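Please read the points alongside the coordinates.

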Amino acid sequence: MGIALSASALAPTGSLRAVINLGNPILARKDAQGAPVGVSVDLAQALAAQLKLPLTLIPVNSASQSVELVTQEKADVGFFAIDPVRGQGIAFTSAYVQIEGSYLVRQDSPLKGNDEVDRATHRVVVGKGSAYDLFLTRELKQAQLVRAPTSPEVVSFFMAGTCDVAAGVKQQLEFDARSTPGVRLLPGRFMVIDQAMGLPKSRPASAHDVLSRFVTDMKASGFVAAALKRHQIEGAAVAP
């Protein structure tokens, strides 16, 4: 498929509209001037350059907002944790990065391991609509989920209430723990998150093929690994 056809299939408005979730600091954040930067921004820029299209970044603060914009075709591409619920409206590429999900508890909590969390007496804080929310909604059989507005607010929401556990990106929890006295992470992880690019499921198969090839090429060329290093991201690995 030629560049022009690829561009029109992926971005029918003539500009590549990429939604950037600032709620996942592994992949995107604001710089000192307030502009979005990170691995997902680098990938969006590279895709726009390859398609020879102008790029419009749409920064949002939560995964649920990203999902909504792409599902409703108000954005052409986004960056998501792969999940079957999201897959109802979004066609995913293969994963380009893998991230760990962990639990955080208060220092005096009796909990020592991840397998002790799913108890009927426990309340677990997650970011509303996050990969952890979707995963734990399926996996936890007894514990009750309590939803903070966004993932970056999980620890402050947890500390302000009486919940037993906070769940989120391991690196975000580690960062928050350094400035929050009296908390600790449980060892290990409760899930591995496959981060992929996605586009509206309503787009033609040719558009999905173009995006999938792009992600495969970005991994194989070392682009993703270099972006992780450039943005000093630890704890995330290029997906196999």
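1. The model is predicted, so local features need pLDDT of at least 70 and side-chain atom pairs count only at pLDDT 80 or more, whereas totals for chains, interfaces and linings use all residues. Residues are numbered from 1 along each chain as its sequence is written, and side-chain values use heavy atoms, with hydrogens and water left out.

2. Five aromatic pairs are found in a search of the whole structure; rings of Phe, Tyr and Trp (its six-membered ring) pair if their centres lie within 6.5 Å, and planes under 30 degrees apart count as stacked, over 60 as edge-to-face and the rest as tilted. One of the pairs is Phe-79 with Tyr-96, which is edge-to-face, at 6.3 Å centre to centre and with 90 degrees between the planes. Phe-79 belongs to strand 5 and Tyr-96 to strand 6 (residues 90–106), so this pair ties together parts 17 residues apart in sequence. Strands (E, at least two residues) and helices (H or I, at least four) are DSSP runs, numbered from the N terminus. Phe-79 and Tyr-96 are both buried.

3. The ring centres of Tyr-103 and Phe-190 are 4.3 Å apart and the planes stand at 15 degrees, so this pair is stacked. Because Tyr-103 lies in strand 6 and Phe-190 in the loop between strand 10 (183–185) and strand 11 (191–200), the pair ties together parts that are 87 residues apart in sequence. Ring pairs join Tyr-103 and Phe-190 with Tyr-132 and Phe-135 in a cluster.

4. A further ring contact involves a charge. Arg-106 lies over the face of Phe-158, 4.2 Å from the ring centre; the criterion is NZ of Lys or CZ of Arg within 6 Å of the ring centre and within 35 degrees of the ring normal.

5. The structure has four cavities of 30 Å³ or more. A cavity is a set of points, on a 1 Å grid over the protein atoms alone, where a 1.4 Å probe fits but cannot get out, and lining residues have an atom within 4 Å of a point. Grid points are joined across faces, edges and corners, and a volume is the space filled by probe spheres set on the points.

6. The volume of the largest cavity is about 180 Å³. Its lining consists of 16 residues, and Asn-21, Asn-24, Ala-63, Ala-81 and Gln-195 lie nearest the centre. Strand 5 (78–81) and helix 4 (131–139) are the elements that give two or more residues to this lining, and strand 5 supplies the largest share, three residues. By class, eight of the lining residues are nonpolar, seven polar and one charged (nonpolar: Ala, Val, Leu, Ile, Met, Phe, Trp, Tyr, Cys and Pro; charged: Asp, Glu, Lys and Arg; polar: the others, Gly among them).

7. Strand 1 pairs with strand 4 (residues 55–60) in the parallel sense over six bridges, where pairing requires at least two DSSP bridges. Strand 1 (residues 16–21) is mostly covered, with six of its six residues buried. Leu-16, Ala-18 and Ile-20 point one way and Arg-17, Val-19 and Asn-21 the other way.

Note on methods: Buried means under 20% relative accessible area, exposed over 50%, partly exposed in between (1.4 Å probe, protein chains only). On a 1 Å grid over the protein atoms alone, a cavity is a set of points where a 1.4 Å probe fits but cannot get out, and a pocket is an open set with protein on both sides within 12 Å along at least five of seven lines; lining residues have an atom within 4 Å of a point.
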